[in-house]
Amino acid sequence: ESYLAPAAEDICLSNLLAPRWKKQLLPLLATVVTAALFLVWNVPVAFVQGLVSLDSLAALFLELGSETLAAAAESLGDTGRATIEGWVASLTLSSLQLLTLYSGLLAMLSRYGCHVSFTRIDVATLEKMWTFNFFLVLLASCIVGSLYETVELILRNGFCVLIEVLGRTVPSQSTLFFNYVLQDALL
């Protein structure tokens, strides 16, 4: 892939002058670490999806021995239920993003991609953030409860199974998606 030469002040000399083996090894390693990071993020996404349901929160409160909190969670009206089920989950997910992904971790992984210019490093970082938001917030949240079963079905029956699963689960997750997008736009 070829690009126009960057301006002199935009050149990342450490990547430009890196030895050949480093230019071949580091991008591969950065890709593997990025993929592993995205897979590890399935755990908090699953946890956040569990927070969406007030019924599961009430059951958790009962297990912790707090009957008053469980009764309060079950007795909320429609407005309170919609607020908690929508905003709490999206705020929790955004907080987790702020703590990890926006901390410079993706920028560091992009720098290890051996891009020659700082602009290209920034673009690669934004591409990683977009990939994270698309695949983990949208797609993984739809199939996170049955991720391994879905992979097994795809391997047995083909890619169309994924489209079928998404077609069934996206409408049930629409409240989380709308609240997440709205909350991101407001913050």
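In which helix is the place of T125? T125 sits in helix α8, which covers residues 118-143. Helices here are DSSP runs of H or I with at least four residues, numbered from the N terminus.

This is a predicted model, where local features need pLDDT of at least 70, side-chain atom pairs count only at pLDDT 80 or more, and totals for chains, interfaces and linings use all residues. Residues are numbered from 1 along each chain as its sequence is written, and side-chain values use heavy atoms, leaving out hydrogens and water.

Let's stay with T125. Its relative accessibility is 8%, so T125 counts as buried (under 20% relative accessible area, with a 1.4 Å probe and protein chains only). Leaving aside residues up to four places away in sequence, T125 touches L106, A107 and S110; contact means heavy atoms within 4.5 Å. The side chains of T125 and S110 also make a polar contact at 3.1 Å (a pair of N or O atoms within 3.5 Å, one able to donate a hydrogen and the other to accept it).

| Helix | Residues |
|---|---|
| α4 | 54-63 |
| α5 | 67-74 |

Their axes, lines fitted to C-alpha atoms over the stretch in contact, are 7 Å apart at an angle of about 165°. The two are therefore roughly antiparallel (angles over 145 degrees). From α4, the contact is made by L54, A58, F61 and L62, and from α5 by E67, L69, A70, A73 and E74.

Overall, the protein has 11 helices and zero strands, and 33% of its 187 residues count as buried.

Technical notes. Buried < 20%, exposed > 50% of the residue type's maximum accessible area, 1.4 Å probe, protein only. Axes fitted to C-alpha atoms, helices over the stretch in contact; angles between N-to-C directions. Parallel < 35°, antiparallel > 145°, perpendicular 65-115°, else oblique.
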